[in-house]
Amino acid sequence: MTDISSRNPDWWRQAVIYQVYPRSFADADGDGLGDLKGITGRLTHLSALGVDALWLSPFYPSELADGGYDVADYRDVDSRLGTLDDFDAMVAEAHRLGLKVIVDIVPNHTSHQHPWFQEALRAGPGSPARDRYVFRPGRGAHGELPPTDWQSVFGGSAWRRVADGDWYLHLFAPEQPDLDWGDEEVRADFRRTLRFWSDRGVDGFRIDVAHALAKDLTEPLRDIGDLGATGEESLHRVPPGSHPYWDRDEVHEIYRDWRKIFDAYTPPRTAVAEAWVPGARRALYARADELGQAFNFEYLEARWDADALRRLITDELATARTTGASATWVLSNHDVIRHASRLVLPPGTDLDAWLLSGGRAPAVDEAAGVRRARAATLLMLALPGSSYLYQGEELGLPEAADLPEAVLQDPVWEQTGHTRKGRDGCRVPLPWTVSGPSYGFGPGAAWLPQPASFAGYAVEAQAGTAGSTLELYRAALRLRRKLLEGETLTWAPDAPPGILDFARAEGWRCVVNLSDDPVRLPPGEVLLGSGPLAENGTVLPPDTTAWLGS
Ligand code: NOJ
């Protein structure tokens with residue numbers, strides 16, 4: 001049995017981590033926004049689920065220009081979400097229940113409301129206060145053109161002009177000015193932040209946009225227009241490590257520095273990189289002397305296809321072996337369409353266009369989506385390494401694709417001139433009860449409207465209900481604790497086309513049917529199925545996964 005006890009330094013290697021999006025989890029004070037007391041009050045949901053840790057998306061003071069990833073103070077709690085005392089109480093309760101706590105660190109940019117940026121605005125061009133950010137004069141006769149053609153990930157130019165004529169860089173929203181990591185004060189301040197939360201008992205960190213901190217800011221700054229792509233796409237058009245701002249080699253020195261801080265604690269603090277870079281480069285962030293893990297987004301983006309998944313799984317395990325990291329798996333998070341909807345969209349669907357159609361073109365069969373999502377989850381939880389779950393997936397929640405335009409909050413919506421709806425559809429507050437003004441999320445209405453169908457997905461509707469998605473997750477996590485040994489798997493050599501079939505240690509086996517036809521199961525006791533099996537448990541229907549004992 002894997003040892004995930006509190007002092008085991010390797011607890012993270014095969015942990016299951018549950019992502020909490022604080023504003024959408026549970027609202028204790030009734031202002032419509034989720035809060036820390038809401039989370040504390042619902043932690044037993046996580047311990048009953050059987051996860052090892054929770055990762056909290058940002059809860060820091062923020063004007064929510066980008067859902068909290070615009071941080072105005074890295075060492076405090078947003079007053080709408082609670083206080084530092086509430087945070088301490090939440091950590092204490094999590095630890096009492098045997099849950100680790102991971103927090104999000106957003107080092108690439110601050111909020112424009114951060115005191116540093118406000119000071120930089122006041123201090124004017126050429127001031128040391130501006131050196132913490134990336135301020136430059138513009139091009140053109142009067143400096144009226146941005147310094148480069150760099151594009152914001154959210155759409156439009158990555159530069160904004162301030163009143164005195166200087167421009168500043170923002171790879172995301174204009175409210176998120178990029179920091180200059182060449183500045184020693186910036187580095188020192190983040191060390192302080194890492195210690196601040198570690199001292200408060202936080203067990204690990206998720207590092208936002210980990211691949212963007214180092215930038216080539218030598219003059220003249222380089223345009224990227226000739227790469228034939230902008231935004232993150234441009235990363236794939238240059239030799240590794242040479243893009244002006246994505247995934248530069250120098251970024252690793254920052255994480256080697258942080259590792260010394262993590263290792264000064266017992267057990268060492270863990271970290272996971274959010275770095276949307278190709279596999280071999282991603283592995284560099286996960287090296288043992290850096291962050292230790294990096295999200296495997298190729299897995300999240302993979303098609304529901306046996307050959308594609310087998311290749312990805314094999315590659316990820318091989319890559320993890322080269323760095324000493326453990327493999328990671330993730331199917332949903334607060335930035336992507338929930339996998340209960342995504343996995344049944346026809347391959348090649350333009351996801352932005354689908355959201356713009358309100359989820360109607362093409363229409364999604366919700367029941368088929370949940371069936372496939374359950375199969376995908378049971379596959380993921382059978383893999384060696386650690387899995388990241390996103391709140392609500394244990395309920396089988398679909399994407400809320402038909403949110404009215406008037407309620408959209410994601411900056412992507414405005415920044416793309418209303419051509420991309422953005423990520424609000426996966427951030428709709430959770431349903432806890434089958435009735436009530438926000439289905440138990442809080443005493444009043446929630447900050448984003450919940451579809452009426454959420455009532456049927458509520459925790460109350462599923463807890464104790466045989467065959468529910470929630471009970472499937474609980475059963476899978478219970479079994480997983482008993483069954484996981486080692487970090488390897490062995491593929492069955494004779495699996496028919498469209499079938500994934502592998503064995504883990506102790507002879508237990510996972511079989512997934514990604515084909516269109518039912519398939520006979522190999523011999524063995526069925527421990528768990530993601531859906532009903534046929535012919536007395538001997539036949540695996542399409543879009544179904546089974547775990548077998550020896
Ligand atoms: C990645 C986060 O997951 C996303 O929500 C955010 O918008 C960007 N980083 C910018 O911080």
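Me: Is D543 buried or exposed?
Reply: In this predicted model, D543 has a relative accessibility of 11%. Because the cut-off for burial is under 20% relative accessible area, D543 counts as buried.

Me: Where is D543 found, given its positive phi although it is not a glycine?
Reply: Most residues other than glycine have a negative phi. D543 instead has a positive phi of about 55 degrees. This residue is found in the loop between β17 (539–540) and β18 (544–549).

Me: What relative accessibility does D247 have?
Reply: D247, which is not a glycine, has a positive phi of about 55 degrees, and its place is in the loop between β7 and α6. D247 counts as buried because its relative accessibility is 1%.

Me: Which proline is joined to E219 by a cis peptide bond?
Reply: The bond in question has an omega of about -5 degrees, whereas most peptide bonds are trans. The proline is found in the loop between β7 (204–207) and α6 (251–263), and the residue joined to E219 is P220.

Me: Which residue in β6 stands opposite F135?
Reply: The open sheet of 3 strands has the order β4-β6-β5, with antiparallel pairing, and its edge strands are β4 (135–136) and β5 (159–161). 2 bridges join β4 to β6 (residues 167–169). In β6, the residue opposite F135 is Y168.

Terms used: Residues are numbered from 1 along each chain as its sequence is written. This is a predicted model: local features need pLDDT of at least 70, side-chain atom pairs count only at pLDDT 80 or more; totals for chains, interfaces and linings use all residues. Side-chain values use heavy atoms; hydrogens and water are left out. Two strands pair if DSSP finds at least two bridges between them. Helices (H or I, at least four residues) and strands (E, at least two) are DSSP runs, numbered from the N terminus. Buried means under 20% relative accessible area, exposed over 50%, partly exposed in between (1.4 Å probe, protein chains only).
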